[in-house]
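Subject: Structure handover

Hello,

Here is the structure for your files. My notes on it follow below.

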Amino acid sequence: MSVEGSAPEAAVPEIDTSKPHPARMYDYYLGGKNHFAADRETAEKGLAAWQAGRAAARENRAFLGRAVRFLAAEAGIRQFLDIGTGLPTTGNVHEVAQAAAPDSRVVYADNDPLVLAHARALLTSSPEGRTAYIHADLRDPGSILSDPSVREVLDFSQPVALMLVAVLHFVPDEFNPAQVMATLTGALPPGSYLVASHITGEHDPDGPAAGARAYRAAGLPAQLRDSGEFAQLAFSGLDLVPPGVVLVSEWRPEGAGPRPTPAEVSWYGGVARIP
């Protein structure tokens with residue numbers, strides 16, 4: 001899909017409502033309306049064992065907003081590549097970034113055809129900035145980096161923020177995620193940033209694991225990783241921004257109110273700079 005929102009007819013895949021998709025399930029956890037019976041059924045199987053799943057998803061979404069505000073308002077980043085976008089909701093990357101810096105440019109990528117159907121909501125930009133959406137899969141990073149819309153909107157001679165929020169746990173080891181990461185970060189110039197988050201079973205050995213089993217039973221790849229595995233996969237060789245790899249609820253929280261327990265979150269996040 002181009003910046004203007006047009007797409008070749010043949011390039012638009014059909015939406016299979018009989019099979020669940022992580023983007024639609026995440027929308028369900030967040031209280032959205034863009035999901036189908038198959039998504040709700042699989043999501044409820046996971047939530048039956050991991051009752052904190054909805055709260056964890058909200059904490060992850062809040063982390064994304066704080067990370068984008070940091071990058072746009074404090075780090076001076078004006079370009080964002082958000083892979084695994086999910087369905088449009090409140091606080092999308094371009095909304096947060098352009099509120100701080102109206103000239104921010106954002107490219108979204110997701111492999112759910114329903115996101116493509118709703119992409120016009122993601123293409124709403126400030127007059128000073130630009131947005132684009134492409135239908136693509138994280139497991140094929142080369143196609144993302146070479147996409148004409150990506151190259152039209154983002155200038156890879158200048159710093160870019162790569163957003164991999166709540167998506168790496170859908171790339172198990174058999175898909176060679178280390179090579180995916182090397183390809184993506186290797187294309188970014190020095191001074192760029194990576195934002196990533198990942199579900200873990202370290203603080204609740206039963207709930208998230210049961211959720212992952214529900215995903216795999218529905219044909220969706222999923223793999224939990226501990227903090228060390230996540231840090232090695234996502235941030236090896238990069239300069240972590242304080243406080244480093246922490247639970248998403250603990251990454252530069254706003255306000256002094258009570259925060260959920262580690263078991264209620266079970267989701268790590270971090271931001272790092274490419275030296």
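What volume does the second largest cavity have? The second largest cavity has a volume of about 30 Å³.

Some conventions come before the rest. The model is predicted, so local features need pLDDT of at least 70 and side-chain atom pairs count only at pLDDT 80 or more, while totals for chains, interfaces and linings use all residues. Residues are numbered from 1 along each chain as its sequence is written, and side-chain values use heavy atoms, with hydrogens and water left out.

Cavities

The structure holds two cavities of 30 Å³ or more. A cavity is a set of points, on a 1 Å grid over the protein atoms alone, where a 1.4 Å probe fits but cannot get out; lining residues have an atom within 4 Å of a point. Grid points are joined across faces, edges and corners, and a volume is the space filled by probe spheres set on the points.

The second largest cavity is lined by Arg61, Asp82, Thr85, Leu87, Asn92, Val93 and Tyr108. Its lining has three nonpolar, two polar and two charged residues. Here Ala, Val, Leu, Ile, Met, Phe, Trp, Tyr, Cys and Pro count as nonpolar, Asp, Glu, Lys and Arg as charged, and the others, Gly among them, as polar.

The largest cavity has a volume of about 50 Å³. Ala23, Tyr26, Asp27, Leu30, Arg61, Thr85, Gly86, Leu87 and Thr89 line the largest cavity, and these divide into four nonpolar, three polar and two charged residues. Helix 1 (residues 22–29) gives the most to this lining, with three residues. Helices (H or I, at least four residues) and strands (E, at least two) are DSSP runs, numbered from the N terminus.

Largest pocket

The largest pocket holds about 780 Å³ of space. Of the 43 residues that line the largest pocket, Pro22, Ala23, Ala166, His169 and Phe170 are the closest to its centre. The elements that give two or more residues to this lining are helix 1, helix 2, helix 3 (53–74), strand 1 (79–83), strand 2 (105–110) and helix 10. Helix 3 gives the most, with five residues. By class, the lining of the largest pocket divides into 26 nonpolar, twelve polar and five charged residues. A pocket, unlike a cavity, is an open set with protein on both sides within 12 Å along at least five of seven lines.

Helix pairs

Axes are lines fitted to C-alpha atoms, for helices over the stretch in contact, and angles run from 0 to 180 degrees between N-to-C directions. Contact means heavy atoms within 4.5 Å. A crossing is left-handed if the near helix is turned anticlockwise from the far one by less than a right angle, and right-handed if clockwise.

The axes of helix 2 (residues 37–49) and helix 10 (residues 207–217) come within 7 Å and cross at roughly 160 degrees. The two helices are therefore roughly antiparallel to each other, a term for angles over 145 degrees. Their crossing is right-handed. Helix 2 makes the contact with Thr42, Lys45, Gly46 and Ala49, and helix 10 with Gly207, Ala210, Gly211, Ala214 and Tyr215. This contact has four nonpolar, four polar and one charged residues.

For helix 3 and helix 4 (residues 93–100), the axes come within 8 Å and cross at roughly 35 degrees, in a right-handed crossing. Leu64, Gly65, Val68, Arg69, Ala72 and Ala73 of helix 3 meet Val93, Val96, Ala97 and Ala100 of helix 4. Eight of these residues are nonpolar, one is polar and one is charged.

Helix 1 and helix 2 have axes that come within 9 Å and cross at roughly 65 degrees, and this crossing is right-handed. Arg24, Met25, Tyr28 and Tyr29 of helix 1 are in contact with Asp39, Arg40, Thr42, Ala43, Glu44 and Leu47 of helix 2. The classes here are five nonpolar, one polar and four charged.

Backbone

The peptide bond from proline 242 to proline 243 is cis, with omega near 10 degrees. Proline 243 is found in the loop between strand 6 (239–240) and strand 7 (246–247). Asparagine 176, in the loop between strand 4 (161–164) and helix 9 (177–186), has a phi near 55 degrees, a positive value in a residue other than glycine.

Regards

Note on methods: Angles under 35 degrees count as roughly parallel, over 145 as roughly antiparallel, 65 to 115 as roughly perpendicular and the rest as oblique.
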